[in-house]
Amino acid sequence: VVVPDRLPVLAIDIGGTKLAAGLVAQDGTLLRAERTPTGTGADGEALYARLEVLAETVAAGVEVTGVGVGCGGPMTWPSGEVSPLNIPAWRDFPLLARLAARWPGVPVRVHNDAVAVAIAEHWCGAASGYDDVMGMVVSTGVGGGLVLGGRLVDGRSGNAGHVGHVVVDPEGPDCVCGGRGCLEAIARGPAVVAWAVAKGWRRGSDAAMTGRELGADAADGDAVAVAALARAGHALGVGIASATALLDLDLVVVGGGLSQTGGLLFGPLEESLRRHARMAFTRAVRVVPAELGQEAGLVGAAALVLRGDRYWSAD
Ligand SMILES: [Zn+2]
């Protein structure tokens with residue numbers, strides 16, 4: 001006899017470069033997963049059709065207890081119409097409604113992809129056991145999510161935790177959001193690479209010039225690459241110091257591709273954080289790397305369903 005509340009959750013993670021679907025058990029274990037490139041087509045229906053096939057493949061022959069989704073923002077929340085900045089084919093796309101029609105009779109919950117990563121780290125990663133946490137994703141963008149008092153904070157429109165658009169330098173570079181000097185405008189991977197290129201960083205003609213290559217060169221001691229990561233780290237430290245003063249955080253968890261550069265990023269981050277966080281309660285904050293890697297997006301999406309008491313306030 002199958003006990004319904006022991007069933008897994010169908011988890012979906014939608015980013016600008018990849019779509020992922022997985023089955024997540026009640027304890028947060030990722031049982032199986034499939035990934036495919038998001039693609040750059042302009043046909044939103046075709047993209048949705050591919051997503052549904054991916055999810056059906058993962059869930060084939062399995063009864064699921066709900067569907068949890070992390071998707072790039074912005075979106076309307078909790079109704080789940082999504083307009084991801086890096087997926088132009090979807091503007092006000094009714095993602096939650098479409099999934100609910102395909103998987104009727106179970107909860108379907110959609111939230112920001114960085115929020116999913118943050119709650120995954122809080123549920124069963126680096127922030128497990130802490131009550132006041134900011135989770136951050138530093139990759140193509142800079143995203144975040146807030147857990148305060150042990151519960152996800154959504155804000156009025158579900159967009160609380162957008163730490164990437166906290167201003168860290170009012171005279172800084174333009175941001176994709178239309179503002180200026182946002183943390184994301186300085187610390188997102190492409191911005192770090194662009195700054196390094198402007199300062200003369202070069203690679204062999206056939207090598208991609210991404211954060212991964214920049215991190216490798218920095219690890220080899222390339223001075224410009226080291227300085228580029230230090231600049232991003234300093235900006236992150238400023239943003240984290242400000243967030244800590246505002247929110248009285250225990251812990252900040254930093255994940256995403258650029259965080260893989262380790263001490264080259266975290267060293268300058270700590271230096272800057274310690275320079276700006278001077279009160280006893282702000283000095284107490286700790287910054288640690290994420291633990292869950294690329295599974296975090298799926299695990300956090302599942303947590304919207306499996307730990308709705310902490311992470312889903314909308315019902
Ligand atoms: Zn911005």
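This is a short walk through one predicted model, stop by stop, with something to select at each.

Before you click, note that residues are numbered from 1 along each chain as its sequence is written, and that side-chain values use heavy atoms, with hydrogens and water left out. Because the model is predicted, local features need pLDDT of at least 70 and side-chain atom pairs count only at pLDDT 80 or more, while totals for chains, interfaces and linings use all residues.

**Stop 1: strands E4 and E8**

Select residues 67-71, strand E4, and residues 108-112, strand E8. The labels come from DSSP runs numbered from the N terminus: helices (H or I) have at least four residues and strands (E) at least two. E4 and E8 pair in the parallel sense over five bridges; to count as paired, two strands need at least two bridges found by DSSP. Pick Val67 and you'll find it opposite Val108 in E8. How many of the residues of E8 are buried? Five of its five, so the strand is mostly covered. Buried here means under 20% relative accessible area, exposed means over 50%, and partly exposed is in between (1.4 Å probe, protein chains only).

**Stop 2: two cis prolines**

Most residues other than glycine have a negative phi, and most peptide bonds are trans. Now select Gly73 and Pro74: a cis peptide bond joins them, with omega at about 0°. Pro74 sits in the loop between E4 and E5. Go on to Trp77 and Pro78, where there is a cis bond with omega of about 5°. Pro78 belongs to the loop between E5 and E6.

**Stop 3: a three-stranded sheet**

Bring up E5, E6 and E7, which form an open sheet in that order with antiparallel pairing. The edges are E5 (75-76) and E7 (93-94), each pairing on one side only. Between E5 and E6 (residues 81-82) there are two bridges. Click Met75, and its bridge partner in E6 turns out to be Val82.

Is Asp92 buried or exposed? It is exposed, with a relative accessible area of 55%.

**Stop 4: helices H6 and H7**

Select residues 211-219 for H6 and 223-247 for H7. They pack at an angle of about 115° with their axes 7 Å apart; axes are lines fitted to C-alpha atoms, for helices over the stretch in contact, and angles run from 0 to 180 degrees between N-to-C directions. Leu214, Gly215, Asp217 and Ala218 of H6 meet Ala225, Val226, Ala228 and Leu229 of H7. Contact means heavy atoms within 4.5 Å.

Past H7, in the loop between H7 and E12, is Asp248. Here too phi is positive at about 55° in a residue that is not a glycine. Asp248 is partly exposed, with a relative accessible area of 44%.

**Stop 5: Thr261**

Finish at Thr261, in the loop between E12 (251-255) and H8 (263-276). Thr261 is buried, at 14% relative accessible area. What does its side chain reach at 2.6 Å? The backbone oxygen of Leu258. Leaving aside its neighbours within four places in sequence, Thr261 is in contact with Gly215 and Leu229.

Definitions and conventions. A polar contact is a pair of N or O atoms within 3.5 Å; within protein, one must be able to donate a hydrogen and the other to accept it, and residues adjacent in sequence count only if both atoms are side-chain atoms.
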